[in-house]
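Try each one yourself before you read the worked solution.

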Amino acid sequence: MSVHAIFPKLEIPETIAAGPGPGNTDARVLASFAGAGLADHMHADVLRGMVECKEMLRQVWGTENTYTFGVAGTGWSGLDAMMSAVMPGDTVVAFMNGTFSGIDALTLRIKAATRAELAANSLDPQPASVTVIEVPHGTSVTGEMVEKALAEHKPKWAFMAHWETGSGRINDVQGFSDACVKHGAMGLVDAVSSLGVGDFRIDDYPGVHAWASCPQKGICCLPLTYAPVSFSDQYIETLKAHGAYTFVHNPIFEARHWGIVDGKDVEKGTYHRTHSAYAVAAFHEALRITLEQGVPQRAADYAFHEAALRAAVTAMGCDVTSNMTSLVVLNLPGEFAGREMELVQACRAQNFGIWPTLSAPVQVRIGILNLLNQAAITDIVNRFADAMRALGAEVDQARVDAALNAHYGTALAAE
């Protein structure tokens, strides 16, 4: 008879989540999650919380779209729901400039593939109806690129990531929207890394008909709560007309869970999903915090603190190639090229959670999600400087300190 092991209690140490995400969840959100009563998921306060979440989310997204709600799960759940309207044989143009837009493009290829195309290569189909525009790593997707591709291919759907975390690049959503309007394409946008970090209103981009984000980055609400999504009426009408091969991630069914039926808010949802009172409470508090801070102010804070981090790592001899405000992507000094993984692993062993890029070329990614204060940025900088020294680099601490002091000192003087 085999002996079954009972493992010791799992203890996970406090770490600094200084990568592209998940971010550092606010203590208020954690308290709301842990403090929620074990209520029936149809309890009146849970349902009221869902109504309020829905209304707050529309404010955060900057939209009048009725079909704005959360999909239970991570960002991949929201993205899968957004792409569910893409049917076999649909024409699609997808722009790929990093790891995550690449996975998005694969999802679209899977959904648009015919049965024969899927059977030919079920894990990596190459449907004739999908065109993937591969933009070099470290380069942003421009409006000119989108205009050229849509003019040539005239697709039903066009896809782009707003902020591509794999390479740290912001893509031109205005140019994307304009080209979609001009050429009659329905735009789909991955806003996993931009919602709650950048200052934008989705109603300003009429060419984009569907948006999907995540709970664990800009909204800072644990990885497993609700992925924010928003859909235009035209998207919903298209979905009604052609359907989707899913029940769980069908946006029309999911919306019913949030009390959105036939384009209107109703008193009670009609679609059954056994969700969590804990998740509703956490999501509610995360959205409250976002609106208390204000999206424009939050965006300004990210830009301000990212500039400090950028200046400090540049003072160490690193070359920053990103233009996002929640993340710096950098190349190590030339003599240390090829040792990126060694440095990242050493940092993670010290509970300092930075990340490499997940596709070539290998770079280092340092994130500041929900770490928007001078003390946190200084701690990140000093830890990274120590890791560089352990690698053998000669880091001039006085120069690094001067870069930080110049940035924060100028801000204090202005006040």
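**Exercises on aromatic rings**

Let us begin with one residue of this predicted model: Phe231 has a relative accessible area of 0%, so Phe231 is buried.

**Exercise 1.** Work out which burial class Phe69 belongs to.

*Solution.* Buried means under 20% relative accessible area. Phe69 has a relative accessibility of 1%, so Phe69 counts as buried.

**Exercise 2.** Classify the aromatic pair of Phe69 and Phe231, and find where its two partners lie.

*Solution.* Start with the total: there are 12 aromatic pairs. For Phe69 and Phe231, the centres are 6.0 Å apart and the planes make an angle of 45 degrees. Planes under 30 degrees apart count as stacked, over 60 as edge-to-face and the rest as tilted, so this pair is tilted. Next, locate the partners: Phe69 is in strand E1 (residues 67-73) and Phe231 is in strand E9 (residues 225-231). They are 162 residues apart, and the pair links distant parts of the chain.

**Exercise 3.** Which charged end sits over the ring of Phe100?

*Solution.* Look for the charged end of Lys217, which sits over this ring, 5.7 Å from its centre.

Note on methods
Residues are numbered from 1 along each chain as its sequence is written. This is a predicted model: local features need pLDDT of at least 70, side-chain atom pairs count only at pLDDT 80 or more; totals for chains, interfaces and linings use all residues. Side-chain values use heavy atoms; hydrogens and water are left out. Rings of Phe, Tyr and Trp (its six-membered ring) pair if their centres lie within 6.5 Å; planes under 30 degrees apart count as stacked, over 60 as edge-to-face and the rest as tilted. Helices (H or I, at least four residues) and strands (E, at least two) are DSSP runs, numbered from the N terminus. Buried means under 20% relative accessible area, exposed over 50%, partly exposed in between (1.4 Å probe, protein chains only). A charge sits over a ring if NZ of Lys or CZ of Arg is within 6 Å of the ring centre and within 35 degrees of the ring normal.
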